[in-house]
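Student: I have a model open and want to work through it with you. Can we take it step by step?

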Amino acid sequence: MQELIDQYFDVGFMADHFDEVLEGFWFTIQLSVVAGVLALIWGLVLAQLRQLPGRGFAPVRFLTVAYIDVFRGVPLLIMILLISGSIPALDFLPEWLRLPQWFGKPDNFWFGVLAITVTYGAYMAEVYRSGIEAVPQGQMEAARSLGMNHRQAMRNVIVPQAVRKVFAPLLNDFIALMKDTTLVSAIALSEVALVGRDLQSQFLNSSGLVLGAIMFLVVTLPLARLVDKLIAREQGRFTRGAPRVEAL
Amino acid sequence: MEISTGGGPMVRLEGIHKRFGKLEVLKGVDLEIKRGEVVCVLGPSGSGKSTLLRCVNLLEPPEQGEIFVEGQDICKGPGSAAGEAGWELDFVRQRVGIVFQQFNLFPHKTALQNVTLAQEKVLGRPAAEAEAKGTALLQRVGLGEKLNEYPERLSGGQQQRVAIARALAMDPQVMLFDEVTSALDPELVKEVLDVLRELAAEGMTMMVVTHEIGFARDVASRIVFMDDGAIVEQGPPAQVLDAPREERTRKFLGLVLEH
């Protein structure tokens with residue numbers, strides 16, 4: 001029993017290495033927020049490209065669907081390895097793109113951001129799409145009848161309602177994204193998983209990794225509860241009965 | 001055939017055909033609406049009256065036939081892109097307002113924002129001007145106290161009056177009403193019909209698809225009775241309602257007026 005506790009829950013070990021692990025976790029947070037925000041934006045762009053009306057935009061719609069299918073189907077780890085291992089070798093790119101060091105972050109940070117953004121953008125595009133499709137047809141008709149063009153109607157009427165509807169599932173995706181940022185440890189970024197792993201192999205003690213896991217839980221558990229609350233509220237609004245146009 | 005005056009009829013429909021898949025909903029409809037006229041369209045459900053109304057502002061572009069608004073042909077023949085883009089759409093939507101059965105208010109906007117949004121985005125009116133106009137219109141439909149309420153806090157009748165104000169804010173030349181009281185509780189019908197009556201009295205050109213026979217009798221300058229995708233008969237209310245010439249009209253009125 002003591003052996004198990006020492007292996008996983010060695011409080012002294014955790015205290016000794018708390019700062020290192022926290023630093024790794026802070027890196028994880030930064031990566032999650034930057035990639036998360038970009039994925040939210042990129043996903044919304046994709047979702048709107050997918051909804052462009054008319055025959056002229058058929059190729060755009062087709063390419064968008066193809067993109068979403070491909071990037072949802074390819075493992076994030078492969079995207080991370082592919083991007084980080086190839087972009088520095090593309091000599092035709094200017095150096096600031098090939099080896100980005102923006103905001104004092106190493107190039108691998110930005111490659112990680114890019115891989116997560118392009119992958120999670122595809123997931124989020126699908127979430128946005130479900131929200132856009134859940135807005136009743138009458139909303140688009142009303143907006144168009146008032147003279148708005150498709151873009152104005154999407155921007156002022158459809159998307160604001162869609163985003164409200166999918167806020168909870170988007171947050172869910174963000175939690176998943178946050179956990180998946182640990183995959184950038186594969187390209188030697190000293191985020192929390194790699195820090196824990198190094199401690200584990202150096203001291204043959206897993207308490208550092210457990211500490212990292214606990215730090216995740218501190219952030220993800222409240223977020224998960226928030227998602228539940230938002231979903232419950234949305235359902236309450238739907239069933240509790242004030243006359244809502246969407247309910248008709 | 002009447003000789004048109006003052007720039008001709010406000011709206012003219014010629015040989016309108018519309019089908020949804022295999023179902024032919026409109027089978028060649030001709031209709032003229034003169035400036036200031038209130039045309040009430042009656043008919044059993046499925047007769048195509050709502051579809052006809054929605055053709056006028058190209059929400060349902062017809063497959064065949066021509067629509068003229070203020071003398072301008074707004075659908076250049078079959079297969080034209082008029083349903084998607086083009087000047088026709090701007091032209092018609094700037095002149096024709098529509099109010100729907102389900103109100104279709106924007107639920108994330110207050111009553112006032114519902115009325116100002118398109119004024120600002122489409123007409124480019126400054127916010128202050130749009131708000132002044134929106135406030136005046138909402139007061140006019142009796143909702144001066146509800147400017148900052150969200151639609152879900154309004155009754156059906158109030159929502160529908162906001163929807164009417166929203167359409168009026170665009171200064172339309174013609175207003176289309178698509179069964180605007182059908183989704184309302186009976187006690188809320190009157191407050192909406194009163195707004196329509198006022199509009200009619202002020203000389204607004206209106207096309208009203210309705211099941212409210214009493215309203216049609218009072219307000220319509222002309223009643224159009226439709227069945228099976230075509231106009232069966234039309235004329236002044238007294239004639240169509242009290243002395244219908246066609247068997248189908250008699251049958252329909254018998255069914256509606258009995259209860």
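Student: Among contacts in chain A between residues at least 6 apart in sequence, what percentage join residues at least 24 apart?

Tutor: First, the ground rules: this is a predicted model, where local features need pLDDT of at least 70, side-chain atom pairs count only at pLDDT 80 or more, and totals for chains, interfaces and linings use all residues. Residues are numbered from 1 along each chain as its sequence is written, while chains are lettered from A and ligands numbered from 1 in the order in which they are written. Two residues are in contact if their C-beta atoms, placed from the backbone, lie within 7 Å. Among contacts in chain A between residues at least 6 apart, the share joining residues at least 24 apart is 76%.

Student: How many helices and strands does chain A have?

Tutor: Count DSSP runs, numbered from the N terminus: helices are H or I with at least four residues, strands are E with at least two. Along the sequence the pattern reads α-α-α-α-α-α-α-α-α-α-α. The totals are 11 helices and zero strands.

Student: Where is the kink in α7(A) centred?

Tutor: Helix α7 of chain A covers residues 107–134 and reaches 40 Å from its first C-alpha to its last. That is close to the 40 Å expected at 1.5 Å a residue, the span being 1.5 Å times one less than the number of residues. A bend is the angle between axes fitted to the seven residues ending at a residue and the seven starting there. The kink is about 25 degrees, centred on A:G121.

Student: Why is A:K165 classed as partly exposed?

Tutor: A residue is buried if 20 or more other C-beta atoms, placed from the backbone, lie within 10 Å of its own, exposed if 12 or fewer, and partly exposed in between. A:K165 sits in helix α9 of chain A. A:K165 is partly exposed because its count of other C-beta atoms within 10 Å is 19.

Student: Leaving aside neighbours within four places in sequence, which residues does A:K165 contact?

Tutor: A:L46 is 119 residues away along the chain, and its C-alpha is 18 Å from that of A:K165. The contacts of A:K165 are A:G131 and A:A134.

Student: Which element gives the most to the side of chain A that touches chain B?

Tutor: 22 residues of chain A are in contact with 24 residues of chain B. The elements giving two or more residues to that side of chain A are α8 (137–145) and α9 (150–180). With six residues, the top contributor is α9(A).
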